[in-house]
Each structure stands twice: as structure tokens, then as C-alpha cells.
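Student: I would like to go through this structure with you, one topic at a time. May I start with the contacts and then move on to the charges?
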Amino acid sequence: MNRRIFNPVTQSEKFDAEGKFIRRYLPQLAKLDAKRIHAPWLLSETERIKAGIVFGENYPAPMVMHDLARLKTLDRYAVVKK
């Protein structure tokens, strides 16, 4: 059985490529370009400072690293599949 795992970053890039929704509801990210707005936690420290993003102050620190969570989930599916 093929398992699909929802990735909010991929969905955001696919259905809101320019980041219009993000810019409207997260104005602290509005300065970011369309490529970087979907995953601000991947910005370098210099890029975050330039954009005025401060984790824990005006934007939350990441809670889930989706690439790692996906791998863990696939491992769990593999155990159940056996």
C-alpha cells in the first residue's frame, strides 16, 4: 500500500506559489521572496535578520522538521506493513 504523507510546505508552494495567503496573515514574512516565504526556518541567520524575523519573538520557532517526521512515519508504516 502506498502511503502519502501531507507536507504543508509542498502544498503551500503548489497552491500559493507567490505566498499571497502567507503575506496576508503573516505580515512578518511579507518581505521574503516567493521562494523563501514557504519555509522561513530554512533561512540563514543573516537572511532572517535582514527580514526582521526573530524566532520566539515575532515568529515561532519550528516545532516539526517535516523531512525528518516523514522518514520516521515511513519507518512506522513499514513496521505495521510487516
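Student: Among contacts in the chain between residues at least 6 apart in sequence, what percentage join residues at least 24 apart?
Tutor: The figure is 34%, taken among contacts between residues at least 6 apart in sequence. Please keep in mind that this is a predicted model.

Student: How many helices and strands does the chain have?
Tutor: The secondary structure comes to 4 helices and 0 strands. Read from the N terminus, the order of elements is α-α-α-α.

Student: Is the chain a compact globule or more spread out?
Tutor: The chain is more spread out than a compact globule, because its radius of gyration is 15 Å, well over the 12 Å that the globule rule gives for 82 residues. Along the principal axes, the C-alpha trace spans about 50 × 25 × 20 Å.

Student: What share of the residues is buried?
Tutor: Buried residues account for 20% of the 82 residues in the chain. As for the surface, the accessible area of the chain is about 6700 Å², and carbon and sulfur atoms contribute 57% of that.

Student: Turning to charges, how many positive and negative side chains are there?
Tutor: There are 16 positive and 9 negative side chains in the chain. The centres of these two sets are 8 Å apart.

Student: And how many salt bridges does the count give?
Tutor: The count is 2 salt bridges. One of them pairs D33 with R36, and the closest N and O atoms there are 3.2 Å apart. In the other, R36 pairs with E47, with the closest N and O atoms 2.9 Å apart.

Student: Where do R36 and E47 lie, and what does the pair tie together?
Tutor: R36 is in the loop between α2 (20–25) and α3 (45–51), while E47 belongs to helix α3, so the pair ties together parts that are 11 residues apart in sequence. Through shared partners, the salt bridges join D33, R36 and E47 into one network.

Student: Which relative accessible areas do D33, R36 and E47 have?
Tutor: D33 has a relative accessible area of 38%, so it is partly exposed. R36 is partly exposed as well, at 35%. For E47 the value is 28%, and this residue is also partly exposed.

Student: Could you restate the charge network briefly?
Tutor: D33, R36 and E47 form one network of salt bridges. R36 pairs with D33 and also with E47.

Terms used. Residues numbered from 1 in each chain as written. Predicted model: local features only at pLDDT ≥ 70, side-chain atom pairs only at ≥ 80, totals over all residues. Heavy atoms only, no water. Salt bridge = Lys/Arg side-chain N within 4 Å of Asp/Glu carboxyl O. Buried < 20%, exposed > 50% of the residue type's maximum accessible area, 1.4 Å probe, protein only. Helix = DSSP H or I, 4+ residues; strand = E, 2+ residues; numbered from the N terminus. Rg over C-alpha atoms; globule rule 2.2 N^0.38 Å. Contact = heavy atoms within 4.5 Å. Areas by Shrake-Rupley, 256 points an atom, 1.4 Å probe, with all protein chains shown as cover. Lys, Arg positive; Asp, Glu negative; His and termini not counted. Charge placed at Lys NZ, Arg CZ, Asp CG, Glu CD.
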